[in-house]
Amino acid sequence: QHPGETTMKKVNAIREKKPEELNLAEKGLRRELGELQLKHRMGVVVSTAQFGQIRKEIARILTIRKEKS
């Protein structure tokens with residue numbers, strides 16, 4: 001399996017969503033990012049790689065939303 005394949009699958013799945021679904025997904029990801037940041041500040045062991053993954057997913061949503069408008 002090529003590494004870019006999973007990314008393209010994610011992008012295609014995001015493209016198929018309706019604008020309302022994109023808004024909900026973005027809100028959920030932002031909430032999750034905030035909770036992770038809070039846990040990180042409190043000293044709870046958190047995988048810092050998750051920060052980047054969530055940020056990239058938010059960026060994908062914003063990019064596709066912009067393409068659609």
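Which residues is Glu-26 in contact with, leaving aside its neighbours within four places in sequence? Point 5 takes this up.

1. Overall make-up. This is a predicted model. The protein chain holds three helices and zero strands. Read from the N terminus on, its elements run α-α-α. The C-alpha trace spans about 40 × 30 × 15 Å along its principal axes. Of the chain's 69 residues, 22% count as buried. Take the contacts between residues at least 6 apart in sequence: 65% of them join residues at least 24 apart.

2. Helix α2. This helix covers residues 19-42, which is 24 residues. From its first C-alpha to its last it reaches 35 Å. That is close to the 34 Å expected at 1.5 Å a residue. Five residues of α2 to look up are Leu-22, Glu-26, Leu-29, Leu-33 and Leu-36, and each is buried. Just after α2 comes Gly-43, with a positive phi of about 95 degrees.

3. The nonpolar core. The largest nonpolar core has twelve residues in all. Among them are Val-11, Ile-14, Val-46 and Phe-51. Leu-22, Leu-29, Leu-33 and Leu-36 also belong to the core, as do Ile-54, Ile-58, Ile-61 and Ile-64. Helix α3 gives the most, with five residues.

4. How α2 meets α3. The two helices pack at an angle of about 160 degrees, and their axes are 10 Å apart. Angles over 145 degrees count as roughly antiparallel, so α2 is roughly antiparallel to α3. The crossing of α2 past α3 is left-handed. Residues that α2 brings to the meeting include Asn-23, Ala-25, Arg-30, Glu-32, Gln-37 and His-40. On the α3 side, they include Gln-50, Phe-51, Arg-55, Glu-57 and Lys-68.

5. Glu-26. This residue is found in helix α2. Is Glu-26 buried or exposed? Its relative accessibility is 12%, and buried means under 20%, so Glu-26 counts as buried. Now the opening question. Leaving aside neighbours within four places in sequence, Glu-26 is in contact with Ile-58, Ile-61, Leu-62 and Arg-65. Ile-58 and Ile-61 are part of the largest nonpolar core.

6. Arg-60. Arg-60 lies in helix α3. Its relative accessibility is 18%, which is under the 20% cut-off, so Arg-60 counts as buried. Set aside the neighbours within four places in sequence, and Arg-60 is in contact with Thr-7, Lys-10, Val-11 and Ile-14. Look at Val-11 from its own side. With the sequence neighbours within four places again left out, Val-11 is in contact with Arg-60 and Ile-64.

7. Lys-17. Where is Lys-17 placed? Look in the loop between α1 and α2. Lys-17 has a relative accessible area of 33%; this falls between 20% and 50%, so the residue is partly exposed. Leaving aside neighbours within four places in sequence, Lys-17 is in contact with Leu-22, Ala-25 and Lys-68. Compare its position with that of Ile-61. Lys-17 and Ile-61 are 44 residues apart along the chain, and 9.9 Å separates their C-alpha atoms.

Terms used
Residues numbered from 1 in each chain as written. Predicted model: local features only at pLDDT ≥ 70, side-chain atom pairs only at ≥ 80, totals over all residues. Heavy atoms only, no water. Helix = DSSP H or I, 4+ residues; strand = E, 2+ residues; numbered from the N terminus. Expected span 1.5 Å × (residues − 1). Buried < 20%, exposed > 50% of the residue type's maximum accessible area, 1.4 Å probe, protein only. Core = buried A, V, L, I, M, F, W, Y, C linked by side-chain atoms within 4.5 Å. Contact = heavy atoms within 4.5 Å. Axes fitted to C-alpha atoms, helices over the stretch in contact; angles between N-to-C directions. Parallel < 35°, antiparallel > 145°, perpendicular 65-115°, else oblique. Left-handed = near helix turned anticlockwise from the far one by under 90°.
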